[in-house]
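Hello,

Here is the structure we talked about. Please open it and keep it beside this email while you read.

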Amino acid sequence: MPEIYTGFKLYIFNESIATDLNSIVAGHIGYIISCVNEHHNTVCIEHTGLTHAGNKRKLHKMIKTLVFLASAAVLVFAHNVPQSESAVAHLEGKFKGAVVKGDLTFTMQSKDKMLITGKITGMPPGKYGLNIHEKGDITNGCASTLGHFNPQGHDHGHPDDEHRHVGDLGNVEFDKSGVAQVKIEDRLVKLYGTEGIIGRSVVLASQQDDHGKTEHPLSKVDGNAGELVACGVIGIK
């Protein structure tokens, strides 16, 4: 009867994960972490003995335990991988023949506080709507970013409204030099999760956002903010 070796290899990214796994594996007799290779970022978990293929009960139990350990390893890995606390976006487009561009940084300062900072140039003096859109697809320009990011299905509103699109950031104001210094603090926007903006887009509109407060038919859709002027995909910094 042939004998069977049972085990698996997991790719890891730091030594602390292997340490956490070791404490889990230690509680299962006959199972060990047999290798930790920091250079190749791998760890191996295996059974210390060989099993006859005909011993189905024991083989089944070993495989079941290894599946459990593999699941634990994945959870430990997910818990230990650090998430970036900031993201960036480069906006670019045109308005009446002029180049509009800018760079924005999104920084999570606390659980309910996102700070958005940066500079956008190229628009005439005045206020213009700035919003996060659902898609990060700019293959057809800003048109393919679709509508405002709105996971809860609310009407468009003011950034301070209780119910609004997550993507409703309000207006940014351009000075006489055609420059908007952006500094927005928002309580709904997050980098990850249901309100996560990674991989989505930030879009500048051609008109002032009315925050859903007028009778215009588009007021509660997009603030009647006009055409989409410049956009950029939001990515991890």
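A disulfide joins Cys142 to Cys231, with 2.3 Å from S to S. The term means a pair of cysteine sulfur atoms within 2.5 Å. The structure holds 1 disulfide. Cys142 lies in strand β10 and Cys231 in strand β14, so the link ties together parts that are 89 residues apart in sequence. Strands here are DSSP runs (E, at least two residues), numbered from the N terminus. The angle about the S-S bond is -100°, and the link of Cys142 and Cys231 is left-handed. Both Cys142 and Cys231 are buried. Buried means under 20% relative accessible area, exposed means over 50%, and partly exposed is in between (1.4 Å probe, protein chains only).

Before you go on, note that this is a predicted model: local features need pLDDT of at least 70, side-chain atom pairs count only at pLDDT 80 or more, and totals for chains, interfaces and linings use all residues. Residues are numbered from 1 along each chain as its sequence is written, and side-chain values use heavy atoms, with hydrogens and water left out.

Now the sheet. Which strands make it up, and in what order? It is an open sheet of 8 strands, ordered β11-β9-β13-β14-β6-β7-β8-β12, with antiparallel pairing. Two strands pair if DSSP finds at least two bridges between them. The edge strands are β11 (168-174) and β12 (179-186), and each pairs on one side only. Neighbouring strands of this sheet are turned by 20° against each other on average, direction ignored. For such angles, axes are lines fitted to C-alpha atoms, and the range is 0 to 180 degrees between N-to-C directions.

Look at one pairing inside the sheet. Strand β13 (residues 201-205) and strand β14 (residues 228-236) are antiparallel over 5 bridges. Ser201 stands opposite Val233 in β14.

Next, the rings. The structure holds 1 aromatic pair. Tyr128 and Phe174 form this pair edge-to-face, at 5.5 Å centre to centre and 80° between the planes. Rings of Phe, Tyr and Trp (its six-membered ring) pair if their centres lie within 6.5 Å; planes under 30 degrees apart count as stacked, over 60 as edge-to-face and the rest as tilted. Tyr128 lies in strand β9 (residues 126-133) and Phe174 in strand β11, so the pair ties together parts that are 46 residues apart in sequence. Both Tyr128 and Phe174 are buried.

Last, a loop residue. Ser144 lies in the loop between β10 (139-142) and β11. Is Ser144 buried or exposed? Ser144 counts as buried because its relative accessibility is 12%.

Best wishes

Methods:
Helices (H or I, at least four residues) and strands (E, at least two) are DSSP runs, numbered from the N terminus.
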